[in-house]
Amino acid sequence: MLRPWKLELEINKNIDKAVYLQIADTIIGDIRSGRLKAGDALPGSRNLAMSLKINRNTVVEAYQVLINEEWVISKERKGIFVSDQLPSLREQRHEKGNDPSHHFSPLHGNMINFDDGHPDSKIAPVTELARAYRQIFSIKAKWQMMGYGNEHGETEFRKMISQMLNHQRGMQINEDEISITRGSQMAMFLTAQSLLTSGDHIIVENPGYQPAWQAFEYAGAQLLPVEVDEEGICVKTVEKLLTQNKNIKAIYITPHRQYPTTVTLSLARRLKLIELSNQYHVTIIEDDYDNEFHFGYRPILPLSSFPELNHYVYIGTLSKVVAPALRIGYLATKNQDLLQKIGALRKIIDVHGDVIMEHAVLQLIKEGAVKKHIKKATVHYKGKRDFVFKLLQKHMHDICDFTLPEGGLAFWIVPKSNLNWDVVTSALCDRNIKIIPPKQYSHQPINGFRLSYGALSEEQLEQSIPIIAEILRKLAE
């Protein structure tokens, strides 16, 4: 396929801006100017790297940025092409009549997406991971990795995860009590299928994380939603349910920074939950999805770190630490019968994990690259959090309630007036701003939304937050 377009770019390695971002922004400029049109093919990464005399991985990173921001699309076995629906050229869906959203003028440019709380892919250690992957793949003993391994993951990798959990999160776990999965959602699904059966009940936070709820319901369990306040899940309601219902098999919680409200489960409630779990022999499924990026002295320790807790499954992920697209999660439990069931099910659907990727991540951990990245990323996200907080104080202090989170990549915003969220989300979409509708957090109407800032630039945040405030204020009148 002919790719006549030639990139006119003089790379400046003496400025702070990364080379891959210089490439990405140059291509965006050519798309905006019309020099590159919808459907045009970009040069292959290898050819562009050769012409610019740079490492191919740098071009790959630049293209990934363009894909993430929807300027280009990747077609399998064909290449990279300018998107057919350019962000700045999308048609606005204004409706006439009684919909108040038609009073708001559109925000020109790329759709600004306040996602689920994803990290910033631009600072992910992609180059280090690619290097480690190549080194692992080319070692002399590579033939040993080509066969089927342990269904729970490589022993050395599980040892490293156990050390991390023990040293950083206060747990008392070993490698034989850990199973590596393809992301935390797979860990959730395996746990649900191996622990729950039709007729079982499970207590969940409300509002909460619906993908986990779906895994539990798919296993045949019935959800028992329990309200969340400023101290986390209401344990008095949990206790009442446990005294009335003998079919409750588990309690699913996100105690560190509750999803979606970001509140931390208080110590008193953590201790009470442990007491109730032991008394009624129910398993606590602890989803520690957001542990790493903490801006205070240290994150709270998991419930699973308390030696008094007898029945638990602890679920975590490395996706936010290494790279968003990296699907490595894990679960830890001292229940060997449960772990055996999980391993047997894992063998049916996946045989074993990505051995080479596990070794590559293991190498990054051993050489300190992961620790270095977490330190760098924490500073990056703390600065971005403080930036967002100032914007919220400036534009929303009179119409919404919010607090400064101690970590994570999101704020929970509660308007002081009850709003029609179908109208709100529609009005925002008309301004090229997308939020997750609150109805995705609960089966019941809730008046709040999750504002996730991790993957957005300061420019996007500064551009969009005043508009969100404008729409909330207008629709509250």
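Both tyrosine 259 and tyrosine 441 are buried, where buried means under 20% relative accessible area, exposed over 50% and partly exposed in between, with a 1.4 Å probe and protein chains only. The model is predicted: local features need pLDDT of at least 70, side-chain atom pairs count only at pLDDT 80 or more, and totals for chains, interfaces and linings use all residues. Residues are numbered from 1 along each chain as its sequence is written, and side-chain values use heavy atoms, with hydrogens and water left out.

A search of the whole structure gives 11 aromatic pairs. Rings of Phe, Tyr and Trp (its six-membered ring) pair if their centres lie within 6.5 Å; planes under 30 degrees apart are stacked, over 60 edge-to-face, and the rest tilted. The rings of tyrosine 259 and tyrosine 289 have planes at 85° and centres 5.9 Å apart, so this pair is edge-to-face. Tyrosine 259 lies in the loop between strand 8 (248–253) and helix 9 (267–280), and tyrosine 289 in the loop between strand 9 (283–287) and strand 10 (312–317), so the pair ties together parts 30 residues apart in sequence. Helices (H or I, at least four residues) and strands (E, at least two) are DSSP runs, numbered from the N terminus. Both tyrosine 259 and tyrosine 289 are buried.

Tyrosine 259 also forms an edge-to-face pair with tyrosine 441, at 5.9 Å centre to centre and 75° between the planes. This pair links distant parts of the chain, 182 residues apart. Tyrosine 441 sits in the loop between strand 14 (433–434) and strand 15. Ring pairs join Tyr209, Tyr259, Tyr289, Trp412 and Tyr441 into a cluster.

Strand 13 (residues 410–415) is mostly covered, with five of its six residues buried. Strand 13 pairs with strand 12 (residues 400–401) in the antiparallel sense over two bridges; two strands pair if DSSP finds at least two bridges between them. Cysteine 400 stands opposite proline 415. Strand 13 also pairs with strand 15 (residues 449–452), in the antiparallel sense over four bridges. There, phenylalanine 449 is the bridge partner of isoleucine 413.

Histidine 256 lies in the loop between strand 8 and helix 9. Histidine 256 counts as buried because its relative accessibility is 5%. Its contacts (heavy atoms within 4.5 Å) include Val263, Asp288, Asn291 and Pro299, not counting residues up to four places away in sequence. The side chain of histidine 256 reaches the backbone oxygen of aspartate 290 at 3.4 Å.

Definitions and conventions:
A polar contact is a pair of N or O atoms within 3.5 Å; within protein, one must be able to donate a hydrogen and the other to accept it, and residues adjacent in sequence count only if both atoms are side-chain atoms.
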